[in-house]
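Thanks, everyone. Please have the structure open.

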Amino acid sequence: MDPYRFRVPKPNYLPHKQDLDSDIVEEYGAPLGLASEMDNAKFYNKCKRLAEEAGITRPKGYNVSFHCNPDMEQHHFGMTHPMKPWRLTLSKSLIYSYGMSFAMDNYVSRAATYEELATFHSTDYLDFLGTVLPEPVPRDLENQNPDLKFNLGGSDCPLFDGLYDYCSLSAGGALDAARKICTKQSDIAIAWGGGLHHAKKAEASGFCYINDIVIAVLQLLRYYPRVLYIDIDVHHGDGVEEAFFSTDRVMTVSFHKRTV
């Protein structure tokens, strides 16, 4: 397979016709203007006042923090892939619209470094993840039994543009949250850009490339003697369970749907 030869994308999850389907993004003749710093300050104060009138205040006795990076939201798994990083934009907009940001400490987390990712993942896997070229069409679309190195390039875990950056940003948010817990800056830390619980040490799985949860738990273990991990996703948190299967310092509990 020649990675440099362009291949026209074909439907892999949902049927679509590119020549008939309308564009998701509407084209505008003139670019949208940017608000000035004064306008932003006025809008911020207005939002803060409305939040206070609605009774949204910081909790007493404990701190809550919210960790995200807007650069994650611009990535795209593919036109018909069910994983949509844009949902992070929607969830963040809801949080801000309800004024919940005024009840939390808000952080823009940095991307995790190569060394931080290597605390769990193998260097061979990380090197491949950071250098492999994007492919517009999943390899298992035309071949039902493709040769997928590290399980990358299929319909579940496609090779999209900016893949390594996306993974680094996801892990960075979880790490930032874990460190705020360790330093007692936060009692509850929220990082909704993570939760990629299927990724293995040297294998992608189920839309998950980097297991930010394992990396965050390893950070917590530097300070705490034991960690309880509770997974309430519809799928089994197998990647986290496998990572800590041989230690008694981490207990993993997964509530998930079972298909009989």
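By class, eight nonpolar, eight polar and two charged residues make up the lining of the largest cavity. This is a predicted model, so to speak of side chains at all I rely on pairs at pLDDT 80 or more, while totals for linings use all residues. The structure holds one cavity of 30 Å³ or more. The volume of the largest cavity is about 140 Å³. Its lining has 18 residues, and those nearest the centre are His67, Cys68, Asn69, Leu88 and Gly193. Strand S1 (64-68), H2 and H5 each give two or more residues to that lining. Which element gives the largest share of the lining? H5 does, with four residues.

The largest pocket has about 1,200 Å³ of space. It is lined by 42 residues, and the closest to its centre are Ala191, Gly194, Gly195, Asp212 and Ile213. The elements that supply at least two lining residues each are helix H2 (87-97), helix H5 (163-182), strand S3 (188-190), helix H6 (212-220) and strand S4 (227-231). By class, the pocket lining divides into 28 nonpolar, eight polar and six charged residues. To link the two spaces: H2 and H5 are among the elements that supply the pocket lining, and H2 and H5 also contribute to the lining of the largest cavity.

On to helix packing. Two packed helices are described by the angle between their axes and the distance between the axes. I will take two pairs, both with H5.

The pair of H5 and H6 packs at an angle of about 25°, and the axes are 8 Å apart. Angles under 35 degrees count as roughly parallel, so H5 is roughly parallel to H6. The crossing of H5 past H6 is right-handed. On the H5 side, the contact is made by Ser170, Ala171, Ala174, Leu175, Ala178, Arg179, Ile181 and Cys182. On the H6 side, the partners are Asp212, Ile215, Ala216, Gln219 and Leu220. The contact residues divide into nine nonpolar, two polar and two charged. Asp212, in that contact, is also one of the residues closest to the centre of the largest pocket.

The other pair is H4 and H5. What is the angle at which their axes cross? Roughly 125°, and the axes come within 7 Å. That makes H4 oblique to H5. From H4, the residues in contact are Leu126, Leu129 and Gly130. They meet Leu163, Tyr164 and Cys167 of H5. By class, this contact has five nonpolar residues, one polar and no charged ones.

Last, the backbone. Which value does phi take at phenylalanine 150? Phi there is near 60°, which is positive, and the residue is not a glycine. Phenylalanine 150 sits in the loop between helix H4 (123-131) and H5, the two helices that cross at roughly 125°. Phenylalanine 207 also has a positive phi, near 75°, again in a residue other than glycine. Its place is the loop between S3 and H6, and both S3 and H6 supply residues to the lining of the largest pocket.

That is the end of my part.

Definitions and conventions. Residues numbered from 1 in each chain as written. Predicted model: local features only at pLDDT ≥ 70, side-chain atom pairs only at ≥ 80, totals over all residues. Heavy atoms only, no water. 1 Å grid on protein atoms, 1.4 Å probe; cavity = no way out; pocket = protein on both sides within 12 Å on 5 of 7 lines; lining within 4 Å. Points joined across faces, edges and corners; volume = space filled by probe spheres on them. Nonpolar A, V, L, I, M, F, W, Y, C, P; charged D, E, K, R; others polar. Axes fitted to C-alpha atoms, helices over the stretch in contact; angles between N-to-C directions. Parallel < 35°, antiparallel > 145°, perpendicular 65-115°, else oblique. Left-handed = near helix turned anticlockwise from the far one by under 90°. Contact = heavy atoms within 4.5 Å.
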